[in-house]
4 protein chains.
Amino acid sequence: MAGDDGHRNAAGLGVDPDREKEAEIHTKLRAGSLKLYELEKQIAPVDAVRVRREFIEHETGTTLENIGIFSIDVDRAATRNCENMIGAVQVPVGIAGPLTVNGEYAKGAFWLPLATTEGALVASVNRGASAITKAGGAEVRILHDGMTRAPVFAAESVGHAKEIANWAEAHEEELAAIAQTTTTHGKMTGLVTFIAGTSVFVRFEFDTKDAMGMNMVTIASAKIAEEIAKATGARLIALSGNMCTDKKPAAINGILGRGRSVVAGIALSNELIGKVFKTDAKTMVEVNYRKNLIGSARAGSMGFNAHAANIVAAMFIACGQDAAHSIDGSTCMTTIDATETGVYVAVTLPSLPVGTVGGGTGVDTQQECLKILGVAGGGTPPGANAKKLAEIIGAGVLAGELSLIGALAAQHLARAHQELGRGQKR
Amino acid sequence: MAGDDGHRNAAGLGVDPDREKEAEIHTKLRAGSLKLYELEKQIAPVDAVRVRREFIEHETGTTLENIGIFSIDVDRAATRNCENMIGAVQVPVGIAGPLTVNGEYAKGAFWLPLATTEGALVASVNRGASAITKAGGAEVRILHDGMTRAPVFAAESVGHAKEIANWAEAHEEELAAIAQTTTTHGKMTGLVTFIAGTSVFVRFEFDTKDAMGMNMVTIASAKIAEEIAKATGARLIALSGNMCTDKKPAAINGILGRGRSVVAGIALSNELIGKVFKTDAKTMVEVNYRKNLIGSARAGSMGFNAHAANIVAAMFIACGQDAAHSIDGSTCMTTIDATETGVYVAVTLPSLPVGTVGGGTGVDTQQECLKILGVAGGGTPPGANAKKLAEIIGAGVLAGELSLIGALAAQHLARAHQELGRGQKR
Amino acid sequence: MAGDDGHRNAAGLGVDPDREKEAEIHTKLRAGSLKLYELEKQIAPVDAVRVRREFIEHETGTTLENIGIFSIDVDRAATRNCENMIGAVQVPVGIAGPLTVNGEYAKGAFWLPLATTEGALVASVNRGASAITKAGGAEVRILHDGMTRAPVFAAESVGHAKEIANWAEAHEEELAAIAQTTTTHGKMTGLVTFIAGTSVFVRFEFDTKDAMGMNMVTIASAKIAEEIAKATGARLIALSGNMCTDKKPAAINGILGRGRSVVAGIALSNELIGKVFKTDAKTMVEVNYRKNLIGSARAGSMGFNAHAANIVAAMFIACGQDAAHSIDGSTCMTTIDATETGVYVAVTLPSLPVGTVGGGTGVDTQQECLKILGVAGGGTPPGANAKKLAEIIGAGVLAGELSLIGALAAQHLARAHQELGRGQKR
Amino acid sequence: MAGDDGHRNAAGLGVDPDREKEAEIHTKLRAGSLKLYELEKQIAPVDAVRVRREFIEHETGTTLENIGIFSIDVDRAATRNCENMIGAVQVPVGIAGPLTVNGEYAKGAFWLPLATTEGALVASVNRGASAITKAGGAEVRILHDGMTRAPVFAAESVGHAKEIANWAEAHEEELAAIAQTTTTHGKMTGLVTFIAGTSVFVRFEFDTKDAMGMNMVTIASAKIAEEIAKATGARLIALSGNMCTDKKPAAINGILGRGRSVVAGIALSNELIGKVFKTDAKTMVEVNYRKNLIGSARAGSMGFNAHAANIVAAMFIACGQDAAHSIDGSTCMTTIDATETGVYVAVTLPSLPVGTVGGGTGVDTQQECLKILGVAGGGTPPGANAKKLAEIIGAGVLAGELSLIGALAAQHLARAHQELGRGQKR
């Protein structure tokens with residue numbers, strides 16, 4: 001362990017806690033005269049976390065040995081990342097790779113950290129990574145980059161609604177200047193308006209550099225929205241009007257992009273398909289066609305992929321991304337084209353909200369995962385690290401898709417051979 | 001810490017490692033003659049994890065101090081939960097509550113563990129929980145319960161497709177009997193068929209008791225699918241044909257249900273709305289109307305809620321659920337009805353895949369979170385714990401929705417008053 | 001023309017109209033003391049239509065020569081099909097065929113009447129029909145048959161909502177008996193329930209035999225809904241709660257089916273593809289893959305087809321179907337499988353609401369179109385004609401899809417050859 | 001009837017047909033040595049239509065008296081609107097109005113022609129029109145105007161895909177110039193690109209003035225697409241790649257708009273609601289909330305309205321629009337806001353593809369319907385007529401929605417009163 005301080009946290013024990021004061025606190029907590037969230041005002045965070053955990057142990061009749069063991073900087077975690085902190089869960093991290101990525105930001109071989117409790121996932125990504133690397137590396141591109149927020153306003157009539165939308169569009173430059181007073185890192189790059197009856201949505205887009213950027217964008221949007229309301233008589237109903245769209249699957253993110261829009265692809269030869277996946281090009285194409293395209297369409301799904309969410313969630317948790325962003329982040333389409341020499345497999349992720357500064361990226365273990373990828377902190381130029389991370393995740397999803405589809409195809413092919421062996425013809 | 005073994009793991013150090021042997025292993029790893037995933041065959045898991053981490057440190061030029069600190073049972077984690085394990089990330093856990101739940105399985109006051117790195121989330125849920133508890137507790141109901149898997153078959157023609165579907169429907173009982181040979185815990189409860197051209201999807205549904213159940217259902221489906229193929233001449237293309245639908249947002253899960261379908265609601269009086277949320281019923285109704293209904297519809301979204309994903313993801317990570325299931329799990333509709341005395345707020349989650357046994361539920365820290373909720377392990381009768389967990393998460397989502405909508409409404413109302421004060425009329 | 005009566009209508013002139021009375025009527029209409037819709041109470045329908053048209057000519061300063069020319073039975077049209085009738089528009093009808101259909105109800109060669117003003121449509125369907133017929137005829141199957149209506153009820157709470165849903169499900173038999181008191185032709189075959197917060201939807205399904213059946217089902221639903229409200233204390237909000245779903249694109253209709261669910265397919269040999277479509281199997285597969293599957297998915301579309309709506313709308317208008325049902329009716333997925341000997345093309349239409357009795361099927365010209373197809377009036381056994389019509393439309397859509405995709409593929413192939421000729425390599 | 005010529009067509013009889021020649025033709029048709037579509041090359045269209053009809057009568061054993069009666073210009077119809085023409089169906093036209101419209105193009109009172117065979121529709125729109133007119137008229141706005149076509153190209157890799165998209169975006173001006181060589185009426189106003197793996201979609205948008213514009217846009221797109229392919233090495237797969245999106249429900253049309261995007265609204269006072277609809281504001285709001293918003297969302301529907309398709313289809317058929325465009329045209333969201341004095345009802349139609357020149361607008365009866373609305377032919381300035389038509393249809397949809405929701409609300413209110421009378425309390 002790193003030292004005293006690290007050890008203290010890891011053990012979940014404060015040095016020399018004031019037992020008397022704590023006893024008093026416990027009494028107050030149980031009486032309800034002190035709130036759990038007020039603890040940090042009375043004692044140091046490391047102690048507050050412990051006392052709170054002890055209180056929960058008492059209330060629920062449980063012993064929470066392991067949750068109390070952590071090494072992350074509790075001062076930071078308890079104030080910036082998590083209120084009412086009682087400890088931490090440990091999510092196992094596996095490594096997949098090396099995965100060769102030929103992006104515009106990520107170039108070279110990468111080891112992917114995946115935080116997961118679901119057996120077989122890391123192994124699966126690993127196999128895909130191996131195939132991609134053997135085939136020369138995943139080609140990856142960022143198609144669009146912009147974090148969005150869309151406040152909703154109420155108009156008095158549809159005519160008023162159109163006036164509000166027109167005003168916002170005509171004053172984009174002024175609104176961008178207002179946004180600039182709230183942030184030195186981000187930059188408003190555009191806005192679009194939508195009307196639904198008397199509801200007007202103005203969707204602002206920002207270049208948030210290495211931050212995922214929701215906070216920055218929300219703060220800026222608040223100020224801009226106020227200006228719009230003042231100038232047009234619109235009533236601001238909610239800073240987020242759900243046309244952003246944040247943490248919900250939404251067509252608008254696929255059409256206009258949100259966060260980093262990424263596409264990754266790889267050409268596999270017939271030989272490599274046979275060797276690594278024990279199947280053939282035709283079978284892989286058919287699996288993707290019937291499962292990822294027809295099956296998803298028939299299910300009324302927005303996800304045309306095999307299991308992109310597994311990779312996105314595992315990398316998000318490992319790398320300190322907002323785990324709830326797995327929802328938008330995993331909206332992925334997987335395509336497999338038949339080619340002259342095998343297949344070309346690609347994944348398209350129009351809405352991957354990632355960052356390398358802010359949020360959970362500063363939590364010690366998560367920061368280490370970012371370091372493994374060489375993307376911890378701000379990039380040079382600003383934004384380069386976040387885009388590099390997006391490209392790596394894109395390549396990781398490609399590895400995962402490849403591997404699962406390959407496995408399904410191999411089973412299918414095996415069955416076909418088996419049946420052939422049994423003399424069946426159908 | 002709990003003892004020697006716990007300490008060892010927490011420090012990430014094996015007792016008396018064979019340094020010589022490890023040096024040899026490192027040489028092989030770097031030479032590529034030994035694969036990372038083969039380590040557990042050569043040395044004990046605890047050492048394999050450390051050696052692998054050291055290798056990654058060397059390869060990436062990083063120092064991974066914190067990832068190596070963990071207290072969870074590495075023998076279990078490295079074999080069942082995560083291949084190529086190098087350690088663990090620590091995700092801060094905050095507590096929200098007490099939250100009174102009036103379910104059919106969950107009855108009483110609960111403390112909700114939320115694993116998150118996003119500041120303000122726990123505080124938000126906490127405020128919602130407080131309001132709900134003051135209002136008498138969330139009423140929660142399980143509407144449907146069944147885990148599904150839908151293999152896709154290829155038919156020779158649309159006529160053949162119909163024959164396959166008909167055969168499967170006519171032999172449901174036999175197929176259920178075959179399923180029963182693969183599991184003692186689960187039970188196949190039905191099947192439905194879908195046709196898209198020559199692709200036939202048979203969607204099996206199982207009562208998986210306290211397990212989330214994907215594995216159990218997949219194994220059973222494999223055997224049933226084989227029988228269908230044999231009897232009908234259908235070619236089995238993939239065990240999952242994406243009409244299941246797993247880890248992708250999909251209308252089919254909303255229509256037919258998947259996992260546990262949960263609805264939770266609470267009536268709030270005008271007085272309580274004013275006191276807790278500093279707003280009024282009319283404003284809350286309008287925020288929900290323009291944001292969660294109109295905004296989501298206009299965005300082409302499948303999520304008609306404010307931020308259900310935040311709560312679902314945080315509780316899933318805390319409680320050892322499959323984090324990628326946040327995608328289906330957070331497909332939530334939030335409704336706010338105007339009532340005579342205030343509002344009635346409800347959340348509907350048609351597809352919440354949760355379990356209290358298997359998967360990540362056995363990881364030590366996650367198990368402790370389940371204990372906090374009183375749902376660790378199998379329930380009595382079987383299934384009772386998983387349903388209880390589903391009810392609690394439903395109530396937690398209700399708390400989160402209530403809190404964020406209340407906050408948005410309060411801001412809106414504040415602005416309205418401000419404008420009034422400034423003599424504005426619009 | 002058929003005779004005096006037909007001539008009279010065709011000319012839009014009543015025999016010996018009472019000019020004096022009509023002048024008085026005109027005065028009243030202009031003064032507003034008589035409403036346009038009250039005309040049929042004062043004079044014969046044929047005269048009412050003319051007088052109303054004259055009034056509109058006067059009001060709008062137009063001369064409506066052609067709208068007044070029609071031969072359909074005005075007594076029927078003006079009372080059953082169209083209020084405030086002023087005449088008729090003439091929609092050109094073209095014929096495509098012969099189209100060989102191998103259905104369970106439609107067997108043999110059919111000539112398809114298509115009412116359209118869009119040049120090239122009939123020619124396109126004709127070419128597809130020719131290819132299908134040469135290939136031995138379209139195989140067509142009805143997968144499901146049932147017209148639905150889903151009233152929405154308000155509950156007091158989510159607990160009450162579940163009670164209502166449970167009650168309805170438990171009393172299906174009694175509710176079916178109540179339905180039976182309202183209709184001798186139709187038969188309630190099932191119900192399913194859905195809950196969204198405090199809103200409860202009960203979706204009734206009926207076998208409506210040869211009728212499209214919306215009216216029959218609505219009348220029965222009204223009576224059943226009343227019973228549910230009475231028994232459970234649910235408040236009936238609207239007889240149609242939009243989960244039916246009628247005349248709106250909706251995933252529920254794809255999942256559960258509505259109206260007649262039809263699938264049609266055809267195997268085309270490489271030789272025939274080359275001869276009729278001047279393209280090859282590989283190119284057709286690629287066009288369908290990139291356009292109908294990937295393009296539609298990327299657009300957030302519910303229609304995975306090329307132009308099914310054209311055929312559905314044209315046949316619906318020709319055959320007296322409800323034209324607004326083109327919306328649900330055209331929700332089609334087109335698939336093209338690569339086969340050993342060419343391609344297998346199929347269309348899947350899960351929600352085709354058609355009938356051969358009632359509605360517009362009795363209008364004289366439309367009835368003649370139904371006669372061309374051999375499906376005018378009720379079938380033997382009841383329902384056989386409507387199913388036959390559904391099968392023919394399914395085959396017609398297949399012809400249209402085949403033709404357009406073939407044309408796109410041919411252009412693509414031509415370009416490829418051209419480029420080859422120019423020595424381009426990419 | 002208008003005269004000899006009109007009479008001749010109306011009777012479906014050519015003057016002095018050459019009976020001998022026709023007998024010969026019939027023999028050839030039956031022998032298959034002459035194709036049905038070749039008739040116009042041998043005899044005048046009016047005779048070709050008749051001979052073809054006679055052939056169909058013979059083949060199907062039917063008598064087609066009424067289909068043969070029409071007055072529209074057969075020379076035009078048989079060549080421009082409908083191949084293989086055998087006559088026409090007569091669709092009854094009813095009139096609703098007067099409807100006061102306060103648009104930017106449509107100003108004043110209008111009489112709406114609705115072609116339908118569904119009883120009650122015209123009466124329903126009429127009632128809504130009356131309410132709107134009493135309330136001062138519908139406010140209507142065009143939010144966006146642009147017809148689109150999106151060819152799909154195949155790239156060799158995702159990197160190549162990005163190059164293609166970048167090239168197209170960088171050369172917008174040149175591409176617009178190329179477009180201009182194909183049309184004097186339309187004007188390319190922009191393009192956007194989308195990538196899905198190796199598929200690249202370039203969505204061109206045009207100002208098509210008074211034409212609906214699909215043909216114009218398709219012709220221009222063909223030429224532009226050729227240039228893109230030549231410059232980038234992209235393979236043009238299909239001129240329509242389904243991201244246009246034409247005649248399929250699609251989120252992209254809601255987000256980006258297609259055709260004319262229209263919004264229409266009306267404020268209704270409590271008094272008027274009571275008088276015209278026999279209900280109250282609160283009940284109307286609740287019906288819309290539970291049916292059009294919650295019900296549609298729960299059904300996975302893209303249509304958040306009651307029956308917009310009825311009005312769109314009926315007006316499209318009456319006014320010579322492409323009936324299959326009812327699919328995109330009816331994608332409508334209906335909102336009802338509670339206001340201080342009653343309700344504000346609005347409909348939003350993001351994708352209404354309409355025109356007043358070209359296609360079916362020149363068919364005589366359809367042209368008369370356009371004349372009733374004062375929008376036949378090209379407007380001054382160009383585009384004004386099509387926009388006026390779009391505004392009127394928007395107002396018509398508002399009338400229809402208002403009327404049906406009012407009726408549902410009235411029934412609901414009536415039941416509530418009834419129950420009150422029976423002493424029920426729930």
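## Basis

A salt bridge here is a side-chain nitrogen of Lys or Arg within 4 Å of a carboxyl oxygen of Asp or Glu. The model is predicted: local features need pLDDT of at least 70, side-chain atom pairs count only at pLDDT 80 or more, and totals for chains, interfaces and linings use all residues. Residues are numbered from 1 along each chain as its sequence is written, chains are lettered from A in the order in which they are written, and side-chain values use heavy atoms, with hydrogens and water left out.

## Chain B against chain A

R235(B) pairs with E286(A) in a salt bridge, with the closest N and O atoms 2.9 Å apart. Two salt bridges are counted between chain B and chain A. Strand β1 (residues 85–102) of chain B gives the most to the side that touches chain A: 11 residues. That side of chain B divides into 61 nonpolar, 42 polar and 21 charged residues.

Contact (heavy atoms within 4.5 Å) links 124 residues of chain B with 124 residues of chain A. The two chains bury about 10100 Å² between them, 59% of it on carbon and sulfur atoms. This buried area is the accessible area (1.4 Å probe) lost on being put together, summed over both.

## Helix α11 of chain C

Helices are DSSP runs (H or I, at least four residues), numbered from the N terminus, and strands are E runs of at least two.

K278(C) follows α11(C) and has a positive phi, near 55°.

Key
Nonpolar A, V, L, I, M, F, W, Y, C, P; charged D, E, K, R; others polar.
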